[in-house]
Each structure stands twice: as C-alpha cells, then as structure tokens.
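Look at the sequence and the 3D structure. Then work through the questions below.

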Amino acid sequence: MATPLSDPSTSRLSPLSSLSSSSPSSAVSGEPLLKTVAVVGLGTMGTGIAEVLARAGREVVGIDVSEAAAAQAVSAVESATARSVRRGRLTERERDDTLARFRTFTDLRAAADADLVIEVAPESYEIKHQIFRDLDGVVRPGTILATGTNALSVTRLAADSAHPERVLGLHFFNPAPAMKLVEVVSSVLTAPGAVAAVTDLALELGKEPVAVGDRPGFVADGLLFGYLNQAAAMYEAKYAAREDIDAAMRLGCGLPMGPLALLDLIGVDTARTVLEAMYAESHDRLHAPAPILKQLSEAGLTGRKSGRGFYTYEAPGSATTVRDALTPLAGGPETARRSVRSVGVAGSGTMASGIAEVFAKAGYEVVLAARSEEKAEAAKSRIGKSLARSVDKGRLTAEAAAEALDRVTPAGSYDAFAEVDLALEAVAEDLEIKQQLFAVLDKVCKPGAILATTTSSLPVVTCARATSRPQDVIGLHFFNPAPAMKLVEVVRTVLTADDVHATVRELCSTIRKHPVDCGDRAGFIVNALLFPYLNNAIKMVEEHYATLDDIDAAMRLGGGYPMGPFELLDVVGLDVSLAIEKVLHREFRDPGLAPAPLLEHLVAAGCLGRKTGRGFREYARR
C-alpha cells in the first residue's frame, strides 16, 4: 500500500506488554482485550471478516486503497445484515449498532489505535511486506499484526517487521460469516501472548480456532490444494470430463462442491499461487501446479470472478454456469443398446447384497449367487433386513419391499447365471480371484451377456482378458452402501464395445444412479483423488505438524467435508486404505503417493479401524 504514513508511534509500551500469556482473555476493566480491529484489504474475505467482527461488538476499521472497494464493503455489510434481520437472526437495533461499528478509510494511518490489525491483501510478498513495514510506523508496539495469507510464509513476513514477536497468521475461510474454522498460525518468532489473544478472539467470534505451525497451506489448504491440483491434472489429461470429475467427488465423497467448480470459486490464479508456495517448500510433485492452471491464469480465465475458468459463467462474479463448447449433449450420442431384463450378482458380502437390492427395487429379476446355497440365502436375508429398515423409515411400502425381495433368487452355483443379461461380480478385491470368476462367467453366461466387475482399484482389462469376449466386459464401481450412494463409476477398457458402454450408462439411470465415465487406471476418479489426500493427512501427523483432532476439525469446518480424514480412514479400514495406496503408488510411480509409514505400521499391528476397535482412534467394542 503506497499511502503516506504518519510518524512512528511514541507509545512507551513494550511489545506485547498488554498480552500476558497467563491471562490473555480480557483487560482488567472487563473490556475485550482486542476491542478495536483494523482490517486491511476489503475484498470479499476482508469484508466478511469485518462483518463478523462488527457483529461481535468490535470497533472495526476497514482500510483499502480503493474508495470503490471501501464503499462496496459497506454496501455488502449493509445487505448481509439486512438479510439477517429478515431471517430473524438480528434485530433492527443490533443491525444499526453493527453498521455504526464499521468505518472505512483509504489510509493506513486509520489503524493507529487498533489493538489488532488483520491484513487480507493479495497473495504477494511484496504487497504484504510493504503493508507490514508501513504498519510498523503507524500502530503501537503492542498491537498484534495478523496476516490472512493461506500460502505465504508467516515467518518471512514477521522477520521483516520491526516487532516480529507480534506477527502471526489468522486464516479465516470463505465466506467468513458462515465458516467456523480459523487457523491460528504462529512462527518461531511469535509471542505466546499474541497467539492466546487471537485464539480467545476467535472463540468469542463463535469460531473454532485450530493452532498450526507455519508452512504453506497450513492444515486445511495444505490438504485441499493438493487434491484440487490432482483433479486439474486429471482433467488436463482428458481422463474424465469436468462434469464427471465434479459429480464423482460430490456423490462419491459427499463433498459440497466438485474440485473444478471449487477451483473456479477460489480463483484459478489464487490456487496456482498457493500451489507454487507449497511446492517451493515440499518439492512434492503432487504440489507442482498442473500446467492448465498456468494456462488458464495467464489467459485471464481465473474462474467465477472473470466469468470463465474450468466452466463458463453467466457473467463475471456469477455462480450460474452456462453451456459452452465442452458441455455434454443431453442423452449423448445415439448408440445401439443391449436388452437387460435380468441381472446376476456374484458374491455374498455387503456390496453384493446391496447391489442386488438396488436392481431388485428397480424391477429387475436378480440371481444372487455365492459359493454355497447357505451364503446366498444369508445374503438374501441381509437384503430383507435392509428393505425392512426402508419400510420402517417410510421410504418404501411393505408391498414394494416384499415384491423386491421376491425378485431375488439365491443360488449356490454360478451356473444359475446361464440366462442373465448382465453378470456383475462383487467378490473379494483380489485380482486372481476375480480372473478365475470371469473365466467361469465366460463359460456359463449366454452370448451377448454383459460381464461387469465392481472393483475399486484393480485393472478391468485384466479381468476382461480372462474371458474369450473382452468386448463384453466393463467396470461398474458402486459405492458403499450401494442402496444409498448415488454414484457409479463406469470404467471402459480399450476393448469394451460401444453398445456395452451405452447399455450400462442407460442402466445406471434406470436404477437411479449417476454414472460417470472414466478410463481403466488405478483408483478411477474418486479413489485416485481421495486417497492421496488421506495419505497426506497421515504425513502431517507423522511430522507432528498438527493433531488428529485438529486435522479432522479443519477439514470438516474449513473444507465442508462430511468427515475428517482420520474419521474416514477408520471407517474405510486401514488395511483397505493401505491396499489402495499401494495400487496407486505402483500404477503412477510417484514418490508422493508412497503409503505413509504410520499407516503401514498400524496395519501391521492389526489396528484396522472401527472393525477392530482401534485404528487412528480407539472405539468401544460392540
């Protein structure tokens, strides 16, 4: 910021003299310790932070070099608080008080009386260094200076300050009024009293502060941006369409947004900056920005703010996408379909019974075959219990449940698949077992029957080559629990016939699932993006960077994930997770994909997650 500055403060207070680490929460008078807060940079994030502070009773000094930005910030807070009044979250009096506490300026000298300054300027060392140098000449020595960076080194910014002990990171998430997480970032130079004071402030604002050390991306973005980068690279490689990548992660993982849509929201240029900072420190290829991020950034296609990024938007700043040259045509190309009236499901586990239930409820005759009649009957019994739960919850009538169960015929031999139109295996995730089964299906199934595997990580083409009709083989990766999860990854090999692919896509829609197309490589879409993220979370714990609880909280509260990574690992099973990590590492040969040693140690110790009562956490035995 190039604003002329006043002379340095003549205050005789020693740095942080008012910030005793033993009692940081309030002054002797009972007033909040950080009563007046200056926010430097009134873009979307700065304005959101200012609103949160003003609503919590702080005097807020908003500063931006642009008068237009300052005026826009006031207008945005006025609109936001008016909405809150309409929704009954604020009274008119509270709104008036909030607006009265928010004043804007275009000169940094307005921060002279602030107890805390939060800088939310563009992600540039040059810009931020200049702001901090200028603030040194304006504020009192005891004033805390916080940077809102999510990519740059807090230590580097602090070291250039006159009082590095008062500089820390305070990373809010967008939109600041709604998102609960605040990462409190301390460097080796930061005074404990400063950390305690801003932590207390975050709690008073109704946020959940997570203490982290100084490294690019911190916890939430450190995990999030590696995943986003992988998604961009997947799209750039033309492995899957943008819509399919986004739908896969929303429906397969329960995420609020797909990764490419999220990159457009964050800003492609911002994501590139964060990744470059992460790569400069980690030298991990997973953090090396995908070339497409540079191409889009330099072309000015930075996402929603420019009106175009991975998607095209109605107008700059709009969240509404519009059709463009890459938007798929409704219905897709016209291709002949095969008739599917009956389905054979091979297996007796949870996934097999779940898939059989899905087809039976959709009106298909289902043969459920296992290695013995008893196992097949047990699997049908499991379906009956699941249907009964649906009836109890009002999702299905008793009559519809009975009809669905009647459509399931258990069998103790795969010979029962002789007349099915689709034979789908859901047996153990072991390539040799699957190959043997496909050889059997090749012999017992009629000509023209489609043969499908539900593998989540093994090569589909290897299963296809175990038959004399590889053109009839395709992957149909359902997600667990199959009756509830909407996603199916449709995995086409280089040998799969067009009509087989068209038939199973149409079939997915018939059984009310959302199909996404992907090629035959390890992990497909979901696991290829999900498990490197989980592996990186484990590495954070190994490096003592953050605790399990803080990492889980950061991803739930900062990323909108339904579960934190360690909660999810324990649910999936650490042995299953390790097996998938090994497959990904073997396929892509990237050192960054090597399974974290801690994961290997836990599996070797028999700590496999909830199913054994202990994984990353301990669970009560049932």
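**Arg521 and beyond**

Arg521 sits in the loop between S16 and helix H18 (526–542). Helices (H or I, at least four residues) and strands (E, at least two) are DSSP runs, numbered from the N terminus. This is a predicted model: local features need pLDDT of at least 70, side-chain atom pairs count only at pLDDT 80 or more, and totals for chains, interfaces and linings use all residues. Residues are numbered from 1 along each chain as its sequence is written, and side-chain values use heavy atoms, with hydrogens and water left out.

Q: What is the mean pLDDT of the protein chain?
A: pLDDT is the predictor's confidence in each residue, from 0 to 100. In this chain, 94% of the residues reach 70 or more. The mean is 92.

Q: Over residues 1–15, how many contacts does the model have beyond near neighbours in sequence?
A: The pLDDT is below 50 over this stretch, residues 1–15. Where pLDDT is low, the predicted coordinates should not be read in detail. Contact means heavy atoms within 4.5 Å. For residues 1–15, the count is 37.

Q: Are H19 and H20 roughly parallel or roughly perpendicular to each other?
A: Helix H19 (residues 548–559) and helix H20 (residues 565–572) pack with their axes 7 Å apart, at an angle of about 100°. Axes are lines fitted to C-alpha atoms, for helices over the stretch in contact, and angles run from 0 to 180 degrees between N-to-C directions. Angles under 35 degrees count as roughly parallel, over 145 as roughly antiparallel, 65 to 115 as roughly perpendicular and the rest as oblique. H19 and H20 are therefore roughly perpendicular.

Q: In the contact of H19 with H20, how many residues are charged?
A: Leu548, Ile551, Asp552, Met555 and Arg556 in H19 meet Pro565, Phe566 and Glu567 in H20. Ala, Val, Leu, Ile, Met, Phe, Trp, Tyr, Cys and Pro count as nonpolar, Asp, Glu, Lys and Arg as charged, and the others, Gly among them, as polar. The contact has 5 nonpolar residues and no polar ones; the charged residues number 3.

Q: How many salt bridges does the structure hold?
A: A salt bridge is a side-chain nitrogen of Lys or Arg within 4 Å of a carboxyl oxygen of Asp or Glu. Glu119, Glu123 and Lys128 are linked in a network of such bridges. The structure holds 30.

Q: Is Arg242 buried or exposed?
A: Arg242 forms a salt bridge with Glu243, the closest N and O atoms being 2.8 Å apart. Glu243 is partly exposed, with a relative accessible area of 22%. Arg242 has a relative accessible area of 3%, so Arg242 is buried.

Q: How many residues apart in sequence are the parts that Arg285 and Asp590 tie together?
A: The side chains of Arg285 and Asp590 meet in a salt bridge (3.9 Å, N to O). Arg285 lies in the loop between H10 and H11, and Asp590 in the loop between helix H21 (574–588) and helix H22 (597–604). So the pair ties together parts whose separation in sequence, in residues, is 305.

Q: Is Asp590 buried or exposed?
A: Its partner in the salt bridge is Arg285. Arg285 is exposed, with a relative accessible area of 54%. Asp590 has a relative accessible area of 8%, so Asp590 is buried.

Q: Where is Pro481?
A: The peptide bond from Asn480 to Pro481 is cis, with omega near 0°. Pro481 is in the loop between strand S14 (473–478) and strand S15 (487–492).

Q: What is the phi of Arg589?
A: Arg589 lies in the loop between H21 and H22. Arg589 is exposed, with a relative accessible area of 70%. Although Arg589 is not a glycine, its phi is positive, about 55°.

Key: Buried < 20%, exposed > 50% of the residue type's maximum accessible area, 1.4 Å probe, protein only.
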